[in-house]
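Please read it beside the sequence and the model.

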Amino acid sequence: MKTTISCPLHYTMSLIGTKWKPLVLFHLLDGPLRSGVLQKKVPEISNKMFTQTVRELEKDGLVARKVYPVVPPKVEYKLTSRGFSLKDILIGLDQWGENDLKQ
């Protein structure tokens with residue numbers, strides 16, 4: 001997603017600045033996850049919103065989706081190198097939240 005946004009922060013937030021995207025990305029930092037496992041790690045997300053979120057992340061090149069030709073269908077998500085480049089940001093947000101909750 002290359003746009004004409006002149007502010008780098010605005011551009012970054014357009015990619016990951018929803019309620020669910022950072023959570024999905026964070027849970028993929030440890031490696032690929034099956035669709036159902038990933039969705040269970042974000043229990044508040046609806047099926048519709050989960051599907052929309054991972055599709056947007058895939059479209060933006062942050063997440064890769066692999067479908068296995070088995071019955072029932074098996075779908076796995078993993079971070080792309082572009083998605084993994086957000087690691088420090090995601091861990092920083094997690095640590096900030098952990099510290100703030102202790103206060």
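A residue is called buried under 20% relative accessible area, exposed over 50% and partly exposed in between, with a 1.4 Å probe and protein chains only. By this rule isoleucine 89 is partly exposed, with a relative accessible area of 42%. The model is predicted: local features need pLDDT of at least 70 and side-chain atom pairs count only at pLDDT 80 or more, whereas totals for chains, interfaces and linings use all residues. Residues are numbered from 1 along each chain as its sequence is written, and side-chain values use heavy atoms, with hydrogens and water left out.

**Overall architecture**

The chain contains six helices and three strands. Helices (H or I, at least four residues) and strands (E, at least two) are DSSP runs, numbered from the N terminus. Their order from the N terminus is α-α-β-α-α-β-β-α-α. The C-alpha trace spans about 45 × 40 × 25 Å along its principal axes. Of the 103 residues, 28% count as buried. With contact taken as heavy atoms within 4.5 Å, residues 24 or more positions apart account for 48% of the contacts with a separation of 6 or more.

Isoleucine 89 belongs to helix α6, while threonine 18 lies in the loop between α1 (8-16) and α2. Threonine 18 is partly exposed, with a relative accessible area of 37%.

| Pair | Separation in sequence | C-alpha to C-alpha distance |
|---|---|---|
| Isoleucine 89 and proline 22 | 67 residues | 9.5 Å |
| Threonine 18 and threonine 53 | 35 residues | 8.8 Å |

**Ring interactions and the cis bond**

The structure holds one aromatic pair. Rings of Phe, Tyr and Trp (its six-membered ring) pair if their centres lie within 6.5 Å; planes under 30 degrees apart count as stacked, over 60 as edge-to-face and the rest as tilted. Phenylalanine 50 and tyrosine 77 form an edge-to-face pair, at 6.2 Å centre to centre and 90° between the planes. Phenylalanine 50 lies in helix α4 (residues 47-59) and tyrosine 77 in strand β3 (residues 74-79), so the pair ties together parts that are 27 residues apart in sequence. Both phenylalanine 50 and tyrosine 77 are buried.

A charge sits over a ring if NZ of Lys or CZ of Arg is within 6 Å of the ring centre and within 35 degrees of the ring normal. The charged end of lysine 74 sits over the ring of tyrosine 68, 4.4 Å from its centre. Proline 72 is placed in the loop between β2 (63-68) and β3. The peptide bond from valine 71 to proline 72 is cis, with omega near -5°. Most peptide bonds are trans.

**The largest pocket**

On a 1 Å grid over the protein atoms alone, a pocket is an open set of points where a 1.4 Å probe fits, with protein on both sides within 12 Å along at least five of seven lines; lining residues have an atom within 4 Å of a point. The lining of the largest pocket consists of Lys19, Pro22, Leu23, Phe26, Leu90, Leu93 and Asp94. Helices α2 (21-27) and α6 (87-102) are the elements that give two or more residues to this lining.
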